Amino acid sequence: MRRLAAALLLLAVLGGVLGTQVGIRADLAEFLPPGRSPASAFLFRELQSGAATTLLLAGIEGAEPAELARVSRETAAGLRASGRFDFVGDGTTTLGEAEQALLFRYRYLLSPETRPGAFTAAALRPKLEALLEGLRTAASPLLARVGFADPTGAFLGLARAFVAESRLETRDGAWFATEGPPRALLIARARSGAGLDAEAQGEAVATFRAAFAAAKPGPARLLLSGPGVFASEAAAAIRADIRLITLASAGLLAAFLLWRYRSLLLLGLVAVPLAAGTIAGFAMTALVSNGAVQGIALGFGMTMLGVTVDYPLLLASLRRPEEALRDAARRIWPTLRLAAASAALGLAAMLGSGFPGLVQLGVFAGTGLLAAAATTRWVLPWLLPGARIAARPLPRPIRAALGALRGRRGLAGGVMLGAAVLLLALGGPAWQRDLAALSPVPRAAQALDGELRRQLGAPDVRVLFALGPGTEAEVLAASERLAEAAAPLLGHALQGIDLPSRYLPAEATQRARQAALPAPETAQAALAEAMAGLPFRPSAFAPFLAAIAESHGLPPLTATALAAGAPTLAARLSPLLSRRGEAVQGVALAQGVADPAALADLARRLDDPKILFIDVKAETEGLLDAYGRATLLWALAGGVLVLGLLGLGLGSPWRALRVAGPIGGALLVTLAVLTLLGEALTLFHLASLLLLAGLAIDYSLFLAGDATDDTMGAILNCATSTLLTFGLLAFCGTPVLHGIGLTVSIGVASAFLLACALAPKIPAHA
Amino acid sequence: MRRGFLLLSLLALAAPARAEDPALVRLMQGFAAQPRSEARFTEEKAIPELDLPLPSEGMLRWQAPDRLEKHTTSPIEEVLRVEGGRLLYERPDRGIRREFSLEDQPEMRALVEAVRGTLAGNLASLQRHYEIGFTPEDSAGPWRMVLTPLSVRLRAAVQRILVSGRGAQVRSIDTEGGGGVTRMQITP
């Protein structure tokens, strides 16, 4: 008794120390592989730390449009005043006066219309005629303001190009979604050079919420999304979810065990191997991964180690009356040892997957299983030398049902055959190829993110090009080469492409445009000739001539100068052009892609070392396929190894096969049921299947040995405990947790029933 | 009760600062009583850089509460329609149809709010956007309203708008901006 309390205390302290000493990584990106090709490497770097991580998308709804607009405007003003954001986009976002002035000044260096021959009399004449016609139309006030300084329309062309794609509706200075119930929209980019860590993301999210609250929203609700929200709030929500489920399942489990064993001591007994396994697994994972344990691996690993409650339960239940716990442990050890070793060996498949998160999970669960088994064998008997815990006999109907099931090999064979046929008929299990399904972010949050992105016209990255790395001039030049090559595809293979050179031409291009501008006297002569016979006063275009003269001497515009003079435009440019140390990296985002193959082909034809084509979907799917295949192969290899180990341990390949029967059957049934339910398998389902195989080994080994009512009762207790632990997970909103819960629950139930049916018949109850 | 009384007396105190001209208020009520109207217009733009004025003509249509259409028939057919905060521009001969936010077009906005506010008889809206100088010569006779945009941004584009009429009818609108004047004559 005292030893047990001391052991529990020691474990709690050990766990606490480990928890504070080892850092836990929280983001999904680090859980993912580093990427095998340059394309996937770039992709994952962007996911982890790219400018995309700084984006916050918001919708405000639940009030009258005028009120929503007010709240939106005031929230935006608060965000701008906070100084934490590089860019805040809402209905009040237009090019400011100063920005317009900068654009106006640089119009002949920025405009693609500046070409040799664009300023001859022949080229100017139609422009002047068009201006005259424009002055007769409703556009005359605007043209009267800018047209005489810019008769070629360079400035208006630029301004139109920069604001053209805002497909949003502006009402009362707020953006509104064009579909659905009234919803004001905002977009903000948190201040930072590149990506943000989780803490800074959390601060940006908190600032956003504070600005919204300060706008006195009344009944209006804020819907906030973006990587920052996922990292901070969604993760917290998931943790709360897990905590609730853990508490609920622990309560259920405790109640069940108390009912079956009528002993509080047993609860302590069960807790010791579980805690020891978790701590050993955690320590080993921290050691293997240099102290960077993935939060996801830890969470799921701990969930998986829930199965180790089987070991103390088996020990307590299989103890014969009047047998000491120590003797019981010694007696069942060969079987227990074989079961734990086989299960751990099966998990080794995860080590070969090459998926960092799964490797950690494998190390964690494997070490934990072995440690829990060892604790059960050597520590528990020492902790409670005189324990006299025994399970109550099973209620009569259950015992009768199990007795009837025993030895029904035909039934078991039929079920397995049926599952195999069903699986074949369904075309085999469906493999999940969408990275989002692996994300710990709940589906509702993912759906909201997609909706806000669509409404705001924010790029939902499907296809992109990586530009560079190199100097700013090199990256912008690469961007221009890509723009030229992609132009013929616009309108059919893709709808649009957002390039850094769209906002800032390369330095060489700006210099070439300067060179294309005529000398002042030439320009004046050409203009005079073009004006002949038109009703313009002689001095009307003096500002135009002055601007041409000034443009000759302007220093080319750089990203730094753009950031200083035109923050709105710089904010559009910054996600497409980022500085990484000395080098500059560019991104071009393709929109409305109908034919990714044409773009891949384009990149191949260009064969440009600074332009890399990335089909995000294909790339992640390919990665997941590759890792899935690797894991599957390793799982098969693990299966063969386990079979070999069983053969060695049981001394006969025939007996090994008989033990393996229920395991294979449970896997088949589980796969068939999952496929029938329309579940697409992810890596986590695979990991759960491996775990399930480990559990089934316990059941099968013990029942194959001696299938008395007592053994069956003990195994039923184990199976029910596992069901109580994992069954609740199946109701989780988080896709991964749901997948694990469902897989293990179906598997445990079928493994238990199959193991019973395949157990040898005993002539009469002794 | 007491709070309501306090509010009333505060309003009463605030009222003189706004100097509501009773003749102006009556005129606005007259406009508010006409939910729709239609009239012909002729327009002449004088731009300092041009030797000669640019004439045009067409139809004006108003539908309460906020829909205003200017349909130019000559020399170029085009339609400019404002509804709420949206601006629709159509030019059938070129198949052009563009939609803008009124917010982004200061020149247009300055004019639209003046015409719309007058036709709707919405004095509060006019006062929100302009400083108003009103000179009635007779309660039912001709009147003149000088509107100066309050917003610096609008005033940079349009310095002054002169609206004149007779009874609840607008007869002419002169817009002064950027050194030029646009005169619009309206015949019901």
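Here are some questions and answers about how the labels on this predicted two-chain model come about.

Residues count from 1 along each chain as its sequence is written, and chains are lettered from A, with ligands numbered from 1, in the order in which they are written. Since this is a predicted model, local features need pLDDT of at least 70 and side-chain atom pairs count only at pLDDT 80 or more, while totals for chains, interfaces and linings use all residues.

Q: What makes α30(A) roughly parallel to α32(A)?
A: The axes of α30 (residues 683-705) and α32 (residues 735-758) of chain A cross at roughly 25 degrees and come within 9 Å. Axes here are lines fitted to C-alpha atoms, for helices over the stretch in contact, and angles run from 0 to 180 degrees between N-to-C directions. Angles under 35 degrees count as roughly parallel, over 145 as roughly antiparallel, 65 to 115 as roughly perpendicular and the rest as oblique. So α30(A) is roughly parallel to α32(A).

Q: Is the crossing of α30(A) and α32(A) left-handed or right-handed?
A: α30(A) passes α32(A) in a right-handed crossing. The rule: clockwise is right-handed, and a crossing is left-handed if the near helix is turned anticlockwise from the far one by less than a right angle.

Q: Which residues of α30(A) and α32(A) meet, and what classes are they?
A: On the α30(A) side they include A:F684, A:L692 and A:Y699, and on the α32(A) side they include A:I740, A:V744 and A:F752. Meeting means being in contact, with C-beta atoms, placed from the backbone, within 7 Å. By class, this contact has 16 nonpolar, 6 polar and no charged residues. Ala, Val, Leu, Ile, Met, Phe, Trp, Tyr, Cys and Pro go down as nonpolar, Asp, Glu, Lys and Arg as charged, and the others, Gly among them, as polar.

Q: What is the contact between the chains made of?
A: Chain A puts in 19 residues and chain B 22 residues. On the chain A side, the elements giving two or more residues are α7 (121-136), α8 (140-146) and β4 (169-171). The largest share, 5 residues, comes from α8(A). Sorted by class, that side of chain A has 9 nonpolar, 5 polar and 5 charged residues.

Q: What about A:K216, exposed or buried?
A: A:K216 has 11 other C-beta atoms within 10 Å, so it is exposed. Its loop runs between α10 (198-214) and β7 (221-225) of chain A, and phi is near 50 degrees, again positive.

Q: Why is B:P48 called partly exposed?
A: B:P48 has 13 other C-beta atoms within 10 Å, so it falls in the in-between class. B:P48 is in the loop between β1 (36-46) and β2 of chain B. Leaving out residues up to four places away in sequence, B:P48 touches B:G179 and B:G180.

Q: Where is confidence lowest in chain B?
A: In α1 (residues 2-18), at a mean pLDDT of 42, where pLDDT is the predictor's confidence in each residue, from 0 to 100. Over residues 1-18 of chain B, pLDDT stays under 50, and the model has 0 contacts beyond four places in sequence there. Where pLDDT is low, the predicted coordinates should not be read in detail.

Definitions and conventions:
Two residues are in contact if their C-beta atoms, placed from the backbone, lie within 7 Å. Helices (H or I, at least four residues) and strands (E, at least two) are DSSP runs, numbered from the N terminus. A residue is buried if 20 or more other C-beta atoms lie within 10 Å of its own, exposed if 12 or fewer, and partly exposed in between; C-beta atoms are placed from the backbone.
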